[in-house]
Amino acid sequence: MCKLWRNQYKKRSFTLFESSTPSSSSSTNPTKMIALISIFFVSFLTPEVSAVIGGDLNCTTYNGTFFVWTPAAVGCNNVISDSSCAILYPTTDALGLPAAGNNAGRPLACYTTATATPAAIVPDMKTAALASCPKTCGFCCNTDAYNCKNVDFPRLNCATITRSQCDSVTWRTIIAADCPSACGFCGQGGCVDAVTNCGNDLSICQNVGLQSFVNQYCQKTCGRCPSTTTSGYGGITGGTCSSYIADSSSSCSAWASNGFCTNNFYTYAQRRARCATTCRLC
Ligand SMILES: *[C@@H]1O[C@H](CO)[C@@H](O)[C@H](O)[C@H]1NC(C)=O
Ligand SMILES: *[C@@H]1O[C@H](CO)[C@@H](O)[C@H](O)[C@H]1NC(C)=O
């Protein structure tokens with residue numbers, strides 16, 4: 001704790017010197033000097049302001065004590081290299097860059113031209129950061145991949161999906177079909193690879209011995225997405241309709257997570273009779 005506090009104290013004083021040196025005319029301005037000195041002492045006395053997400057709360061959630069980053073805040077890649085982003089959007093926070101669940105301050109250059117908080121949001125700065133370094137800036141949740149509508153009757157609660165579910169073989173294809181905005185799957189047409197590293201070796205798509213594997217796990221990479229993925233359960237299409245008859249069983253969501261909707265042991269008619277809405281069978 002004390003170490004963190006000292007580091008922050010050092011960083012802040014360093015930033016102050018750095019930002020006051022280039023403008024020689026204003027460094028002699030007494031009002032500004034007093035302002036700087038008071039910031040200096042405020043940060044000395046209340047070091048915990050270091051790790052606080054201020055100014056722009058996009059992609060954060062309140063955890064009961066602090067605003068912290070959501071998994072979606074950092075659930076994408078930077079458009080330019082991470083190292084370039086680190087230079088363009090340097091962090092002054094002792095906690096480093098935004099990460100899911102922490103409350104490291106967003107690098108200031110991501111959203112403002114100010115050099116200290118509280119800082120006014122400058123929309124052009126946000127737009128530029130979003131287009132180049134959304135991950136470094138904790139803006140992934142604002143990218144197109146996270147901005148689309150989930151289906152009307154998702155088989156799982158879209159609001160509680162975790163990052164590990166977004167990467168899970170069991171969940172990815174279901175999430176892509178039902179809750180694309182939860183994992184940044186918008187624009188994928190409801191179809192993703194079930195495993196995340198299919199693209200490492202594209203020759204698997206042509207490998208005769210791997211066809212049943214790639215048909216199941218690498219649908220996106222190998223071009224095996226069903227043509228209408230929006231109407232069925234992970235590619236099992238039930239036709240196109242805009243509403244479904246009500247489930248007759250209250251256990252459908254539990255059954256669905258055990259594979260009821262896709263299990264060919266049950267006929268289409270049986271699945272539809274019990275869980276038409278959950279399984280999205282017309
Ligand atoms: C997110 O950013 C947009 C655009 O700057 C703003 O209008 C909106 O209020 C922000 N949302 C939150 C929760 O801060
Ligand atoms: C909220 O987040 C902060 C910062 O990550 C953490 O220290 C704190 O334990 C969290 N509180 C709760 C209730 O989860």
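**Ligand shells and nonpolar cores**

Biologist: How do the residues of the shell around ligand 2 divide into nonpolar, polar and charged?

Modeller: In this predicted model, the shell around ligand 2 has 2 nonpolar residues, 6 polar residues and no charged ones.

Biologist: Which residues are around ligand 2?

Modeller: They are Asn-63, Gly-64, Thr-65, Phe-66 and Val-68, together with Gly-101, Asn-102 and Asn-103.

Biologist: And which residues are around ligand 1?

Modeller: Asp-56, Leu-57, Asn-58, Ile-121 and Lys-126 are the residues around ligand 1. That shell divides into 2 nonpolar, 1 polar and 2 charged residues.

Biologist: Turning to the overall fold, how many helices and strands are there in the protein?

Modeller: The protein has 11 helices and 2 strands. Along the sequence, the pattern reads α-α-α-β-β-α-α-α-α-α-α-α-α.

Biologist: What percentage of the residues is buried?

Modeller: Of the 282 residues in the protein, 33% are buried. As for contacts with a separation of 6 or more, 58% are between residues 24 or more positions apart.

Biologist: Which residues of the largest nonpolar core touch the most other members?

Modeller: That core has 34 residues, and those touching the most other members are Cys-59, Ala-73, Tyr-89, Cys-110, Ala-129, Cys-140 and Ile-175. Two or more residues each come from strand S2 (67-69), helix H5 (123-132), helix H7 (172-178) and helix H8 (180-183).

Biologist: Which element gives the most to this core?

Modeller: Helix H7 does, giving 4 residues.

Biologist: What is Ile-175 in contact with, leaving aside its neighbours within four places in sequence?

Modeller: With those neighbours left aside, Ile-175 is in contact with Ile-161, Gln-165, Cys-166, Ala-182, Cys-183 and Phe-185. Another core, of 8 residues, lies apart from the largest one; its members include Cys-252, Ala-256, Phe-260 and Leu-281.

Biologist: What about the record: which residues does UniProt list for "domain: ShKT"?

Modeller: The unreviewed UniProt entry lists residues 140-186, 191-225 and 241-282 under that name. Over residues 191-225, the chain is 20% helix and 0% strand, with its end C-alpha atoms 6 Å apart.

Biologist: Where does Cys-282 lie?

Modeller: Cys-282 is in the segment after helix H11 (268-279). Its C-alpha is 7.5 Å from that of Ser-243, although Cys-282 and Ser-243 are 39 residues apart in sequence.

Biologist: Why does Cys-282 count as partly exposed?

Modeller: Cys-282 counts as partly exposed because it has 15 C-beta neighbours inside 10 Å, whereas a buried residue would need 20 or more and an exposed one 12 or fewer.

Notes
Residues numbered from 1 in each chain as written. Chains lettered and ligands numbered in written order. Predicted model: local features only at pLDDT ≥ 70, side-chain atom pairs only at ≥ 80, totals over all residues. Near = placed C-beta within 6 Å. Nonpolar A, V, L, I, M, F, W, Y, C, P; charged D, E, K, R; others polar. UniProt positions renumbered as here; feature names shortened; annotations may be inferred. Core = buried A, V, L, I, M, F, W, Y, C linked by C-beta atoms within 7 Å. Contact = placed C-beta atoms within 7 Å.
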